[in-house]
Amino acid sequence: MKTHNKIAITAVLAMILLGSCQDYNQLVNNPNLPLTSPPSLLFTGILNSMADDNAWDGFLGSMNSNQFWISTYTYYGTNNYDQGPFIGSSFNYYSTLQNVVQMEQEAKKAGAPEPNPYSSMGKFFRAYFYNLMSQKFGDLPASEALKGADKIAPVYDTQKDLYVQILKWLDEANTEMGTMVANPGAVSVPLSGDMYLDNDLAKWQKAVNSFTLRILVSLSKKTAEAGLNVQSKFAAIVNDPAKYPVMSSNDDNVQYRYNAQFNNYPKNPGNIGFNISRENVSSTFLKITTALNDPRTFITSTPAPAQLALGKTFDDQAAYIGANPGDDMGTVGGGSQSGLYSFVNGLRYYTTYDGSNAEPAIIIGYPEVCFNIAEGINRGWATGTAATWYNAGIVASLAQLGVSDGTVITVADYHLTPYGTVTVDLPAYLAQTTGGPSNSGVLYKGDNAAGLEQILTQKYLGFWMNSNWEAFFNHRRTGVPTFLVGPGTGNGGVIPERWQYPYGELTANKANYEAAVSRQFTGSDNLNGKLWINQ
């Protein structure tokens, strides 16, 4: 994996790109700035944008909202969903999409006929960023957006129309990439600047189809909608791997790696004193892992000091207690300082600046592919053996954490003082028939409701520390796992259904904004309006 300087890339892009007065429109040309740039430089910057929110950064960031960990100290942010990015967030990815347009133009200037690797990646990028924003907000400016001064107040496309277009972009990208992979000599301007998949278009084709599975599964409540063809598209990908190759191992993961020179891992020796004692692992996560005797308990967490004081041992799952995201900050803060809760495993997350002891930040990964295929087969969308994909997903997600049968895990306190080791018995874990949220265990129960809950539960565990907001989106769609609520989570003790539109829309695009809010949420742009995709 090549290291890269994210700060330097951002600075260069700021110099070469044109100014904008709205997030989704580029309006002003500066004659003092260069008008051309290598498409590879823009490509690298866009790839960097995909890594946002994939680790522990930020106040109420994705890993906090996914209820993997919680803040226990107000200075570092509360756990309230009605504070932070859910309120008046920004259309920040429109500037990234403008870079996509510029990248495609620069590839043309470099002599690349369409389709070319950059134009095909452009379709994937559109699908990726529009999906991420629509999953947050709902309807979005799309068909009239990115047109600069020609359209400064674009209409909002409905969420259904967005997903019809997203699936079209992804299908076209797969077809075009497949042709170029089969005829590499015909590619005059190859990809360059790729820190994820080393400019391998065959791997990007796998990523495109793997991402398409994510989109289709997210549309599980819309299988009867005309124009989407959710089930037939899903079956086509699963049943025709030659035409629709998908990821086949963790080696295919699209994932971001940190480096000690430029991009430090968010949790590192330089900030251990400020962070590790002020953040606890969430009970939403630990209640599942401890009930399943899951080795991820020992990988991710420390035993709660108060439980050790009561006589429990470090290798006892019962010694690991998560903090409740629903509790108010006074309760969780006092409990944390009293040693009632488990802290994040400092040996894993705070001993290096490059995060080499920890897992990389997956953006699109093989474990999710396995669970998505298992879910689709469980729902009857395609033929196949869901249990095979389900087990493969578990094994792959554990492998991503460095865990396999016989792995020896060192357990330590949050001061990094080792308690001892635990050895993983993977066959025994997979064979469990009881335990967990519904006492269903790990051994697959079959293509029924119990089996589906197992798939969704393991998928949630597999999202630990990766895949952006996907754990939140999946919980919102399925209710699995149960997220804990209370005064600490804010929003009246209810998990939000969506993000509010950016405040700037009230002035920059008022008429179209109001029409979209009225159409979707009876005129109230609030956190609890249910998105079309989840109705």
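Modeller: Gladly! Helices (H or I, at least four residues) and strands (E, at least two) are DSSP runs, numbered from the N terminus. Two strands pair if DSSP finds at least two bridges between them. This is a predicted model, in which local features need pLDDT of at least 70 and side-chain atom pairs count only at pLDDT 80 or more, while totals for chains, interfaces and linings use all residues. Residues are numbered from 1 along each chain as its sequence is written, and side-chain values use heavy atoms, with hydrogens and water left out.

Now to the hairpin. Strand β7 (residues 408–412) and strand β8 (residues 418–423) run antiparallel, joined by five bridges. Look across from T410 and you will find T421 of β8 standing opposite. Between the two strands of this hairpin lie five residues, and L416 takes a positive phi near 75 degrees. As a general point, side chains in a regular strand alternate between the two faces of the sheet.

For context, let us visit the largest pocket. A pocket is an open set of points on a 1 Å grid over the protein atoms alone, where a 1.4 Å probe fits, with protein on both sides within 12 Å along at least five of seven lines; lining residues have an atom within 4 Å of a point. The largest pocket is lined by 13 residues, and those nearest its centre are Y130, A142, S143, A145 and W169. Helices α5 (117–137) and α6 (159–182) are the elements that each give two or more residues to this lining, with α6 supplying the largest share, four residues.

S218 lies in helix α7 (residues 201–218). S218 is buried because its relative accessibility is 10%, buried meaning under 20% relative accessible area, exposed over 50% and partly exposed in between (1.4 Å probe, protein chains only). Apart from neighbours within four places in sequence, S218 is in contact (heavy atoms within 4.5 Å) with Q135, R477 and I533. S338, by contrast, sits in the loop between α13 (329–337) and α14 (346–349), and S338 counts as exposed because its relative accessibility is 53%. Finally, V238 belongs to helix α8 (residues 230–239). Setting aside residues up to four places away in sequence, V238 touches I373, A382 and T383.
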